[in-house]
Amino acid sequence: MISIKSKSDIEKMLEAGKIAGHALNVVEQKLRPGMTTKDIDKIVFHEITSHGGIPNFLGLYGFPGSACVSVNEEVIHGIPGNRVINEGDIVSVDLGARYKGWNSDTCYTFPVGQVAPDVKKLLEDTNASLYAGIEKAQVGARLGDISHTIEEYCRERGYGIVQDYCGHGIGKEVHEEPEVPNHGRAGHGTRLIEGMTFCIEPMINMRGDEVHVLPNKWTVVTNNGTWSAHFEHMILITANGPVIMTKR
């Protein structure tokens with residue numbers, strides 16, 4: 001069942017989104033070659049907790065970090081650890097905050113220094129596909145309109161689309177109904193109404209759709225080793241159009 005949020009609920013979720021967006025801003029400011037993914041996780045924990053939030057990924061389904069930190073060929077769910085970040089890498093930082101019982105979730109893929117032109121284009125296009133999908137999140141539209149828009153945008157540019165993982169509803173729980181795939185048919189799926197909150201999160205590969213989970217049972221990587229980008233915003237459906245709740 002899809003929950004509809006009250007004005008009070010939305011106020012708390014907006015604060016949770018503000019905390020999460022701030023944490024990503026600080027990561028961007030401090031990200032340097034030579035850091036480890038664990039260093040990033042420590043930044044995320046500090047920024048969320050020092051601004052009145054709780055890192056909602058920490059312990060979620062047993063996850064050991066405050067953020068999923070995924071590098072290059074890692075698509076999602078990278079476990080923070082000793083992996084060193086190098087010049088030219090890309091780093092996806094997926095995080096969320098809980099504030100007064102309500103959750104946020106957001107992700108951004110950062111370039112580290114100068115990246116290859118095709119990698120830069122991958123980041124730009126994946127982020128653009130997110131905003132193209134958000135534009136379709138209008139009252140009366142269908143979830144499939146969002147999914148189809150993202151798929152069409154990325155397929156036209158030759159990218160692979162991760163189909164085993166998707167966006168999701170959010171509120172009291174980090175993951176709620178509905179699922180929000182990055183592929184689908186326009187005009188199909190749940191009809192959107194005011195007060196819905198969910199996360200749209202394109203996970204786009206340089207080539208090929210196929211991914212698999214590493215033996216650590218968390219980290220998802222591309223089958224062919226090509227790099228992957230991941231961008232995510234939490235949004236609210238309103239009569240005046242979608243509101244980004246994790247705006248940076």
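Okay, hi everyone. Before anything else, keep in mind that this is a predicted model.

Let's start with the sheets. Strands of a sheet pair through backbone hydrogen bonds, and they can do that in a parallel or an antiparallel way. Here we have an open sheet of three strands, in the order E8-E12-E15, with antiparallel pairing. On the edges sit E8, residues 160-161, and E15, residues 228-230, and each of those pairs on one side only. If you want to find the link between E8 and E12, look for two bridges, with E12 covering residues 203-205. Gly160 is a handy landmark, as it stands opposite Asn205 in E12.

So what lies across E12 and E15? That's helix H3, residues 117-135, and its angle to E15 is about 35°.

There's another open sheet of three strands, ordered E3-E14-E13, and its pairing is antiparallel too. Its edge strands are E3 and E13, with E13 spanning 211-213, and each of them pairs on one side only. On average, neighbouring strands in this sheet are turned by 40° against each other, if you ignore direction. Zoom in on E13 and E14, the latter being residues 220-222, and you'll find three bridges in the antiparallel sense. Across that pairing, Val213 stands opposite Val220 in E14.

Now for strand E2, residues 67-71. Is E2 enclosed or open? Five of its five residues are buried, so the rest of the structure largely encloses this strand. In a regular strand, side chains alternate between the two faces of the sheet. For E2 you can go through both sides: Ala67, Val69 and Val71 are on one, Cys68 and Ser70 are on the other, and all of these are buried. The partner to look at is E4, residues 90-95, which runs antiparallel to E2 and is joined to it by five bridges. Within that pairing, Val69 has Val93 of E4 as its bridge partner.

Rolling a probe the size of a water molecule over the atoms shows where it is left. The largest pocket holds about 400 Å³. It has 21 lining residues, and the ones closest to the pocket's centre are His77, Cys166, His168, His175 and Glu201. Which strands each supply at least two residues of that lining? Strand E9, 167-169, and strand E10, 176-180, both do. By class, the lining comes out as ten nonpolar, five polar and six charged residues.

While we're at E10, stop at Pro178, which sits in that strand. The peptide bond leading from Glu177 into Pro178 is cis, with omega near 5°. As a reminder, most peptide bonds are trans, and most residues other than glycine have a negative phi.

Tyr61 has one of about 55°, and it isn't a glycine. You'll find Tyr61 in the loop between E1 and E2. Tyr61 counts as exposed because its relative accessible area is 60%, and the cut-off is over 50%. Then there's Asn72, with a phi near 60°, in the loop between E2 and E3, the latter being 74-76. Is Asn72 buried or exposed? Its relative accessibility is 6%, so with a cut-off of under 20%, Asn72 counts as buried.

Next is Tyr165, in the loop between E8 and E9. This tyrosine is partly exposed, at 25% relative accessible area. Leaving aside residues up to four places away in sequence, Tyr165 touches Ile76, His77, Asn182, Met203, Val211, Val213 and Val220.

Last stop, Lys42, in helix H2, residues 37-50. Lys42 is exposed, at 51% relative accessibility. Its C-alpha lies 13 Å from that of Phe57, which is 15 residues away along the chain.

Notes
Residues are numbered from 1 along each chain as its sequence is written. This is a predicted model: local features need pLDDT of at least 70, side-chain atom pairs count only at pLDDT 80 or more; totals for chains, interfaces and linings use all residues. Side-chain values use heavy atoms; hydrogens and water are left out. Two strands pair if DSSP finds at least two bridges between them. Helices (H or I, at least four residues) and strands (E, at least two) are DSSP runs, numbered from the N terminus. Contact means heavy atoms within 4.5 Å. Axes are lines fitted to C-alpha atoms, for helices over the stretch in contact, and angles run from 0 to 180 degrees between N-to-C directions. On a 1 Å grid over the protein atoms alone, a cavity is a set of points where a 1.4 Å probe fits but cannot get out, and a pocket is an open set with protein on both sides within 12 Å along at least five of seven lines; lining residues have an atom within 4 Å of a point. Grid points are joined across faces, edges and corners, and a volume is the space filled by probe spheres set on the points. Ala, Val, Leu, Ile, Met, Phe, Trp, Tyr, Cys and Pro count as nonpolar, Asp, Glu, Lys and Arg as charged, and the others, Gly among them, as polar. Buried means under 20% relative accessible area, exposed over 50%, partly exposed in between (1.4 Å probe, protein chains only).
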